[in-house]
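Okay, thanks for coming, everyone.

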Amino acid sequence: MSTPGRDCPLAYRYAPDAFRGAPALAADTLWIAGGLYGNRFALQALLEAYDAEPGDKALIFNGDFHWFDAEPREFERIDEAVAGFDALRGNVETEIADPNEAAGCGCGYPEWVGDATVDCSNHIMERLRAAARASGRDLAQLAALPMTRLAQVGGERIGVVHGDAESLAGWSFAQEVLATPAGVAAAERQFARTGMRVFASSHTCLPVLQRFPGDRVLVNNGAAGMPNFRGERYGIATRISVRPHGGALYGTRCEGLYVDAVALRYDTQAWEKRFLELWPAGSDAHRAYYERIVSGPAFERAA
């Protein structure tokens, strides 16, 4: 039997040639932001940081830019802003536009995520769908967004995904999986199969920056619209460039590229106020996310 919120539909899997062919875009600097989650204050911080970036550049939203924006005008505001840039659909956008009853929220949650979180996410999705329908936005445009994007920075191939190298809601790029020998071996096979220099993902909601043989890098920005480390209240975007970023939180180099995590220091008080207006105490999003929004997850940033 299918379990909504845990099962991953076959339609979420990519075609075998997803990472072949010519890049869809090329730039000297590529910003990637996944997991905005409807936080318009984080969106403002991201766009300000991106606007300050000089030279040849591009910005990709790699899914789940909607989530907490479960009010028609709020949804419309986020959707209009993202539509001005390149974007992938995450499981959230996929299930807004073309609901699959068996998928629930479409998160494909693994066994280490508790049932209460799965139930809350399924209920959040129900309310978000209603807001999306009432917003007047063309939801067919969300359904038409790609699941992957092949980019080029400094002549190197960058695979931009929401989940992992096989599925829109895959979890093999999660820090929990990559902490195991089997997870590392699986990621190495994906680099070998696709020929990517860098894979950039989001979905699993906790950040990763990990090097692999052959001077390859896997980077997961965690969430652009929520805190990513205990006691540190900011979102994170990924920046891949031929030039270093002077204010990166952390980063690495590979084949002449700088792969950096950049803090999105949004107005946390304004966002907490707006979140509580949308999702007061007792609501599903409040139960599942409020503690993270005010205190961060139980995840420490390495010194």
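So, what covers the buried residues of α7? The cover includes α6 (175-178), β7 (198-201), β8 (207-212) and β9 (216-221). By cover I mean contact, that is, heavy atoms within 4.5 Å. Helices and strands here are DSSP runs, H or I of at least four residues for helices and E of at least two for strands, numbered from the N terminus.

Before I go on, the ground rules. This is a predicted model, so local features need pLDDT of at least 70 and side-chain atom pairs count only at pLDDT 80 or more, while totals for chains, interfaces and linings use all residues. Residues are numbered from 1 along each chain as its sequence is written, and side-chain values use heavy atoms, with hydrogens and water left out.

Back to α7. Its buried residues are G183, A187, Q190, F191 and T194, where buried is under 20% relative accessible area, exposed is over 50% and partly exposed is in between, with a 1.4 Å probe and protein chains only. Looking down the axis of α7, those buried residues fall within an arc of 100°, so they line one face of the helix; the arc is taken from the directions from the helix axis to the C-beta atoms. On the other side of α7 you'll find P181, A182, R189 and A192, which are exposed.

Next stop, N228. It sits in the loop between β9 and β10 (235-241). Buried or exposed? N228 is buried, because its relative accessible area is 0%. Leaving out residues up to four places away in sequence, N228 touches, among others, C205, Y234, R292 and F299.

Now the sheet. It's an open one of six strands, in the order β4-β3-β2-β10-β12-β11, with mixed pairing; two strands pair if DSSP finds at least two bridges between them. β4 (86-88) and β11 (250-254) are at the edges with a single partner strand each, so one side of each has no neighbour in the sheet.

Let's zoom in on β2 (residues 29-33). It runs parallel to β3 (residues 57-62), and five bridges join the two. T29 has K57 as its bridge partner in β3, and A33 stands opposite F61. Helix α1 (residues 40-51) packs on the sheet, touching β2, β3, β10 and β12 (257-264), and its direction makes about 160° with that of β3. Those axes are lines fitted to C-alpha atoms, for helices over the stretch in contact, with angles from 0 to 180 degrees between N-to-C directions. T29, W31 and A33 point one way from β2, L30 and I32 the other way, and all are buried.

Last one: A132, in helix α4 (residues 115-135). A132 counts as buried because its relative accessibility is 0%. Not counting residues up to four places away in sequence, A132 touches F75, I96 and L139.
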